[in-house]
Amino acid sequence: MTQQVSGEALPERPRATVMEDVAERAGVSAMTVSRVLNTPEKVRPDTRARVLDAVRELSYRPNSAARSLVTGRSGVLGVVSFDTTLYGPASTLHGIEQAARSEDYLVTIVSVSALSRRSIGEAVDRLRFQSVDGVVIVAPHESAADGLRHLPPDLPVVVVGARDDLPVPVAAVDQVTGAVRATRHLLSLGHRTVWHVSGPQDWIDASGRIAGWRSVLEAEGREIPEPLLGDWSARSGFEHGKRLARDPEVTAVFVANDHMATGVLRALREAGRQVPQDVSVVGFDDVPEAAYLWPPLSTVRQNFTEVGRLSFQLLLDRIDGRAGAPHRMIEPELVVRESTAARLPG
């Protein structure tokens, strides 16, 4: 059969595959196909395999509206995110998307310029209007706490990177442990103490890294230098690095992220201080470029893929009404490269 357009015959578009086509190919009812797609645990394995083979052969794509009517779910998760230009938040968002995609969930993202009570509330309202099944909020700021305590009680929510005293589940990397490992590594190399270039004051990650660094120096009875407040940028690391380079007592520096550590390395080199012969440097994050700096940067690796997987699983637990652990911490890994070495005598 053909269609006439301006006197020309055009072939009719092929009909889209429907559930009944899959049922006929697999030799089952349309209801069985629906069960395989929505509640597969209720279908015998051999029948499930036949249906899934037919789905693949026919390239069948379930109608999302129909699936929502059957399951009571949209198959869409919402994410509220802040400052995705930074490596940590961007990698966290990517990890969440990977985890959701592996379970055939779509992700819709709302970016906010600040993590205030009002902005969080407005972002969550926008996502609820889109009928999301639940929301992940990436909230690495202390200022987000107020908004996170006033979320709708009937909406499944998980928070990433927030404090652990909130009434919602939290998935986070253990920043304190990462800083402890970095500081202990530097002291184990014979350095008298460790200087610290920190992140911004309102960032929970920054305060956790300060706490871990300080706790090691206090426990070892070492001098605790005043932290130098950075803003996560290489430029701020460079400015603080110039100040550190002028002090001959500085032989070990723990920097709160790898971008600032890049600036510190540049400042030390320009001042004629060799790394690691004169000064050892440890960063945090393990950005892809860290292994290719000169010298290759020792750093603390955060597993953002695991953060995404864990936050997604916590959210599924909330959606399904399962009471899992309220807060989960992921341990970071110290990666030792060539920017740290034993302190030379003298």
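Tutor: Welcome! In this predicted model, local features need pLDDT of at least 70, side-chain atom pairs count only at pLDDT 80 or more, and totals for chains, interfaces and linings use all residues. Residues are numbered from 1 along each chain as its sequence is written, and side-chain values use heavy atoms, leaving out hydrogens and water.

Student: What makes a residue part of the lining of the second largest pocket?

Tutor: A pocket is, on a 1 Å grid over the protein atoms alone, an open set of points where a 1.4 Å probe fits, with protein on both sides within 12 Å along at least five of seven lines; lining residues have an atom within 4 Å of a point. Here 14 residues line the pocket, and among them Ala162 and Met329 are two of those nearest its centre.

Student: Which helix gives the most to that lining?

Tutor: α9 does, with four residues. Residues 204–219 form α9, and a helix is a DSSP run of H or I with at least four residues, while a strand is a run of E with at least two.

Student: How do you know that β10 and β11 pair?

Tutor: Two strands pair if DSSP finds at least two bridges between them. β10 and β11 have three bridges, in the parallel sense, so they count as paired. In one of these strands, β11, serine 280 is the bridge partner of alanine 252.
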